[in-house]
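Biologist: Hey, can we go through this model together? I'd like to start simple.
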Amino acid sequence: MPEARIIKFTEALKEATDQMMEIDKNIFVVGLGVTYKNGADGTTFGLKSKYPERVFDVPNSEGGWTGMAVGAAINGLRPIVHHGRVEFSLLAADQIFTQAAKWNYMFGGNNNVPIVFRINVGRQWGNGPQHTQALYGLFGNVLGLKVVIPGTPRMAKGLLVSALRDKNPVVILEPRWLFQVKQDVPAEIYGEPLHKARVAASGKDITVVAYGDGFIAAHEALSLIGEKVGVELIDIVSLNPIDYETIFASVKKTGRLLTVDTTNSAFSIGSQVISKVAQQKSLQLREAPTSVSCPNVPCPTSTALTEFYYPTKVDIANVVLRVMHEPTITRALTFEELHLAPTITIP
Amino acid sequence: MTALLDVYRKMFLIRTAEEELVALYLKEKIMSFVHFYIGQEAVAVGVCDALKKEDKVLGNHRSHGHYLAKGGDLKKMICEMLGKENGSSRGKGGSMHMIDRSVNFVGSTPILGSVVPLACGTAFEQKYNNKNDVTVAFLGDGAFEEGIVYETLNLAALFKLPLLLVVENNLFSTNSKLKDRRSDAHHVEKIVTGFGLTYVKADGDDYQGVFEKAKKLVAGARTGSPAVLECMTYRHMAHSGPIFDEEYREEDVVEKRLEKDPIKKMRQIVLDSGISEKEIAGVEDDIKKTVRDSIDFALNSAYPSKESLYTDLYA
């Protein structure tokens, strides 16, 4: 057995970038502050000194430099575009949604755009309504993009490697909440499929479909639920396309479905999955599908309010237990568990 | 310097192709938004004549002229406008999405101003790979009001990119006049030079002036000095479609446009250079025949199959 290499989510992203830049000279990095010593939350750490001509800090002109990167990709380069918050990527919405995503189709093929958009999304303490949106549904709705959400450090590295090998525009929505999560990550270069959901835990009683920070919360819920319920935990990973086959196969076995969204429920991934499952008569659900999500209000700033905003591992465990007609649990969460990004090491 | 008759040939091809397309449009053979370029031909040909084949061009919603001036395939263009399988975008793009990579016409995109950062990225690649090539983007005076253009002016100057932006100022954004869109103090040259790019203004009806100025700016761009060439011009038709919608025009009346018509002007220059009326007429007849043959080819070409609706979303 090789020695475990326990590294953080952000280090996994940095490692994938570094290793791929070594072998592919067409890769360059562009984004606000990516040249800083601890740039992009550490995900571009040390890259500027190693590749001085291939890492670019840029003016506060998201539309301009995102479009510049798309133009470079149209001509064969392989940019990594970093947006530290999803709200700022919206300043470049035309370039991502209407230019990069449509270019190959609208020119009848053979005009691919090999670009990776690394976009940080979601919760972080103190960030408030304009810095915590996740907008998964928005990105998932855009045709012509491949969209993935890494839920673990291992997936973060593998998905970024695959994105950098793909011919198409790939959006990686990186939940900021997971940046300090640690895992044993292989040192070598490896890719994870961009179009496959991942069965993270097997069980026969209920299928839980989650992603990103919701996946980690669901993963932690497993130990609260214990052995009495067999939970099949699916990390959906890809939003475009969604791997319905894996989900249907699981629900066929369990007959029960819970989806976990870490954003509001309107037009969410959970709603989409439930809709598709409901249309499959052959799945013969034993219980009505159910979901947990954030409320339909923006995420506020005060911890007195955010305490009630995101679904917790206890919430997820209790929905599972209720669906299974098992007694629910009571467990008070600490301030750290509720408000600070997890620093756990996952298997 | 391209021979005068060759210049006229190119300009006349663009004019004739579009006039024939107007006829087709009126017969409802073109189910695609069409923005006609008639009246602006001297700009496309003047600028593209200042480029070498490796240099790249991107365009906007009104780009048939840019495409043909760069050497784009006429048959593929007409097939595309008719929605045929052998069109340049296999029927998925239409008039607003011209492309011919074989002559380095990288593509045209109709979202106002969007072509500017894409062209900037095209120039970025040329610099990144130490090529000695330049990129030209064509945009209109309307697009020049989009914020992303100013962002990109800054980027082009910052990164010293081999980029030339050609602003075709035809006085109207759809039907909106310049004076309804800009204050009296608005100053394109100050904006451009304020960001650190070179600015030159040209009479867009005058091929030779456009060519000489573009040539100089392209030479500068090749050494990392990006520039803007603003060409004052007229579009003869409405914003979209083959309509002479005159309501919103004031001094820009049809008579003035026809008097300043770049094709008419160029034809006179060719005549004055000693080339006979007969020789010119011969060239014109050849072009008319080429265009009609291309249209027949397109009319007889097959439509894409239903299956191709689902292809090409991803490479």
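Biologist: How many helices and strands does chain B have?
Modeller: In this predicted model, chain B has eleven helices and eight strands.

Biologist: And what is the radius of gyration of chain B?
Modeller: The value is 19 Å, close to the 20 Å from the globule rule for 315 residues, so chain B is as compact as a globular protein of that length. Its C-alpha atoms fill a box of roughly 50 × 50 × 40 Å along the principal axes.

Biologist: What share of the residues in chain B is buried?
Modeller: Buried residues make up 50% of the 315.

Biologist: Let's zoom in on helix 11 of chain B. Which of its residues are buried?
Modeller: They are Ile287(B), Val291(B), Ile295(B) and Ala298(B). An α-helix has 3.6 residues a turn, so residues three or four places apart point the same way.

Biologist: What covers the buried residues of helix 11?
Modeller: The cover includes helix 1 (4-26) and helix 4 (74-81) of chain B.

Biologist: New topic: chain A. Which domains does the assignment give?
Modeller: Domain 1 covers 6-184 and domain 2 covers 198-346. Their C-alpha centres lie 26 Å apart.

Biologist: How many residues of each domain are in contact with the other?
Modeller: 30 residues of domain 1 of chain A are in contact with 29 of domain 2.

Biologist: Which element gives the most on the domain 1 side?
Modeller: Helix 6 of chain A does, with four residues. That side of domain 1 divides into 16 nonpolar, eleven polar and three charged residues.

Technical notes: Residues are numbered from 1 along each chain as its sequence is written. Chains are lettered from A and ligands numbered from 1 in the order in which they are written. This is a predicted model: local features need pLDDT of at least 70, side-chain atom pairs count only at pLDDT 80 or more; totals for chains, interfaces and linings use all residues. Helices (H or I, at least four residues) and strands (E, at least two) are DSSP runs, numbered from the N terminus. The radius of gyration is taken over C-alpha atoms; the globule rule is 2.2 Å times the number of residues to the power 0.38. A residue is buried if 20 or more other C-beta atoms lie within 10 Å of its own, exposed if 12 or fewer, and partly exposed in between; C-beta atoms are placed from the backbone. Two residues are in contact if their C-beta atoms, placed from the backbone, lie within 7 Å. Domain bounds come from an automatic or database domain assignment. Ala, Val, Leu, Ile, Met, Phe, Trp, Tyr, Cys and Pro count as nonpolar, Asp, Glu, Lys and Arg as charged, and the others, Gly among them, as polar.
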